Amino acid sequence: MHTLYKSKNPSAKVLQTFINHEYELCIYAKNVPNTLAAEVVGLSLDSGQLLLKVETQGEEIEHYFEEECINFDIEALHPYELNDIKGAVRRDAYSISNVPAVAKKLNAGACQLSCQLPPSVFLVEHRGTARIPFILGMSARVNIEVYSNGLVVNGSLRNISVGGCLVDISVEDSNALTVDLLLPGVTIEFPNGTYFHSKALLRHMRPFGHHGYAALGLQFEELDPQQTEEIFHLVSEVEREAAYRSGINDKIVSHSYLFLPGTKEKTMLRREEQGLEKRKRQSSIQRGILDLAHQLQYALMYIKSRSHFPEKTLYDCAETVLYLVRQDRKSALYALTFLHNEPDWARHAIRVAMQTADMMLLRDAHSKSVREVVMGALMHTMGKPLMVSEEIPSLKESMNTRQKQLLKQHVNVLLEKLTALSWVPSEICEDVMIHANERLDGAGYPRGLKGEQLSDVVKLISIIKAVDKLTHTRNGTPPRAPLDAYRIINEQHGSYDKTVLVEYIQCYGLYPIGSLAKFSGGFLAWIMDVDNKGMPVKVEVVKNLTFKDTNIDTVLNESDFDQIGRLEGVVNPDDYGITFAKM
């Protein structure tokens with residue numbers, strides 16, 4: 001355990017452990033879909049005075065205040081000497097709410113907040129019970145049963161009281177949740193293997209940080225006397241552990257037994273550490289594309305769970321797509337590879353939006369309609385996660401015939417939701433959003449339009465969507481190589497505009513940027529750049545199949561390809577165990 005300076009303000013002491021490393025601090029408000037990035041510019045360990053510089057990004061800082069207080073999350077990748085793993089890297093997060101603050105404007109895009117941190121890390125809830133945060137490497141895993149049919153999502157415990165807890169989960173898994181949902185089972189597992197299980201009510205839900213997580217406020221329900229006794233005991237032990245780690249009680253000289261890890265916990269920590277190390281090596285454009293996916297999912301959270309349409313968030317996503325394409329189109333196309341772990345609806349929407357923007361700007365660099373087209377492309381699959389329910393409990397699993405037919409209503413479901421939220425899209429955005437699945441021969445949906453009833457941009461998007469669907473795993477069907485996908489589309493006579501298909505092939509070729517290529521020397525490499533003939537000229541080598549358990553991270557240019565052999569073709573990453581870390 002690290003020896004920390006014994007300050008007079010334990011909250012400041014905990015915060016200091018974050019800012020000693022690379023961190024991200026986000027100010028949030030209950031009814032505002034966007035978080036604000038902030039930087040710590042001053043911290044007193046004794047008084048608890050905290051100075052934050054906040055990039056307001058056109059937002060009114062007053063919207064983030066409630067009764068002259070703010071809320072924020074801070075997140076970092078911490079090195080800890082834990083669980084027999086010296087120097088282990090662990091994702092750590094800390095949330096502080098109701099922090100008194102005063103704002104001072106610095107310029108048009110930034111302000112300074114003078115904050116007073118609470119004198120204790122233990123916060124008293126409205127009902128008079130103490131809420132204990134998980135700090136300085138404390139952890140517990142949570143399994144949440146969403147439906148009685150067995151849908152379960154996993155998360156991490158962030159604080160706990162005898163009345164409930166705060167859990168963070170993947171934002172993708174929040175698709176199945178709505179506020180005030182009674183959850184049939186919530187199981188908390190501590191590092192030593194101790195469990196606590198009860199029903200719970202989902203009281204609130206919001207974005208958590210910037211890496212694709214959502215925070216759930218859960219209230220324990222229907223506790224019997226034994227469960228009540230258990231939770232009081234567990235909270236007492238968690239409080240003891242937090243006091244020991246933060247050094248606020250000199251009489252506590254050892255860990256609580258709950259936090260002595262068993263074999264299972266050590267194994268899971270080693271696996272997580274490998275993923276977090278990959279996150280640290282991300283390029284700025286890779287982080288940008290993943291942040292885009294997360295913002296799109298946060299927008300969905302507000303659309304589904306609150307009577308609010310996050311217009312600014314979604315238009316910011318559209319602007320991000322255009323910025324990435326205009327800044328460096330090839331790097332942007334390559335970064336799409338790293339959407340592999342994101343939900344299919346979000347990955348598909350972003351890839352379609354990015355390639356549509358790319359082709360439209362190649363046609364006309366000053367296109368006036370491209371922003372609205374991108375907005376429609378980002379939203380056109382959003383009705384699918386809106387349909388997640390007991391009838392369609394997950395979009396991840398292969399669906400039966402009835403579920404597939406139901407899912408074809410996703411456009412109508414989205415339109416009904418937007419009408420309920422009183423949001424009216426532009427004519428161009430609406431055209432893309434509604435008609436992206438139509439076909440020239442009338443075989444598409446939802447309206448069965450055909451021929452000249454389809455706009456030029458819909459004819460373009462229908463090709464981009466078809467290729468993307470065929471070249472990615474879908475409903476248990478393995479992906480096709482690009483050449484096979486082009487052949488299948490070409491053979492669907494009357495469904496697609498063949499002139500646009502030829503244009504697409506000329507633009508992206510047989511070996512598209514972002515594809516995984518196999519070379520005769522037994523090497524696998526991501527294609528990062530191609531020449532005018534569509535042949536790879538720059539790759540990132542990630543695997544030597546002779547040593548399957550070893551990963552490589554080497555960039556080669558065409559002049560060095562003799563080291564890896566002759567290009568054999570595009571392959572499926574899943575067939576070779578190529579994994580992507582959760583970021």
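Pro-446 sits in the loop between H12 and helix H13 (456–470); helices (H or I, at least four residues) and strands (E, at least two) are DSSP runs, numbered from the N terminus. The peptide bond leading from Tyr-445 into Pro-446 is cis, and its omega is near 15°. This is a predicted model, so to speak of local features takes a pLDDT of at least 70 and side-chain atom pairs count only at pLDDT 80 or more, while totals for chains, interfaces and linings use all residues. Residues are numbered from 1 along each chain as its sequence is written, and side-chain values use heavy atoms, with hydrogens and water left out.

Now for the helix pairs. Helix H4 (residues 284–305) and H5 have axes that come within 9 Å and cross at roughly 160°. Axes here are lines fitted to C-alpha atoms, for helices over the stretch in contact, with angles running from 0 to 180 degrees between N-to-C directions. That puts H4 roughly antiparallel to H5; angles under 35 degrees count as roughly parallel, over 145 as roughly antiparallel, 65 to 115 as roughly perpendicular and the rest as oblique. The H4 and H5 crossing is left-handed, meaning that the near helix is turned anticlockwise from the far one by less than a right angle (clockwise would be right-handed). On the H4 side, the residues in contact (heavy atoms within 4.5 Å) include Ile-285, Leu-292 and Ile-303, and they meet H5 residues including Leu-314, Cys-317 and Leu-324. Sorted by class, this contact has ten nonpolar, three polar and no charged residues. Here Ala, Val, Leu, Ile, Met, Phe, Trp, Tyr, Cys and Pro count as nonpolar, Asp, Glu, Lys and Arg as charged, and the others, Gly among them, as polar.

H5 (residues 311–327) also packs against helix H7 (residues 344–363), with axes that come within 10 Å and cross at roughly 55°. H5 and H7 are therefore oblique to each other, and their crossing is right-handed. Val-321, Leu-322, Leu-324, Val-325 and Arg-326 of H5 meet Ala-353, Met-354, Ala-357, Asp-358 and Leu-361 of H7. The class count for this contact is eight nonpolar, no polar and two charged residues.

Helix H11 (residues 410–420) has a buried side: His-410, Val-411, Leu-414, Leu-415 and Leu-418 are buried there, where buried means under 20% relative accessible area, exposed over 50% and partly exposed in between (1.4 Å probe, protein chains only). Viewed down the H11 axis, these buried residues fall within an arc of 135°, so they line one face of the helix; the arc is that of the directions from the helix axis to the C-beta atoms. The cover over them includes helix H8 (370–379), helix H9 (383–386), helix H10 (401–407) and helix H12 (427–435). Turned away from that buried side are the exposed residues Glu-416, Thr-419 and Ala-420. Just after H11, Ser-422 takes a positive phi of about 60°.

Two further residues have a positive phi of about 55° without being glycine: Leu-136 and Glu-222. Leu-136 lies in the loop between strand E8 (130–133) and strand E9 (141–145) and is buried, at 9% relative accessible area. Glu-222, in the loop between strand E14 (213–221) and helix H2 (225–246), is exposed, at 55%.
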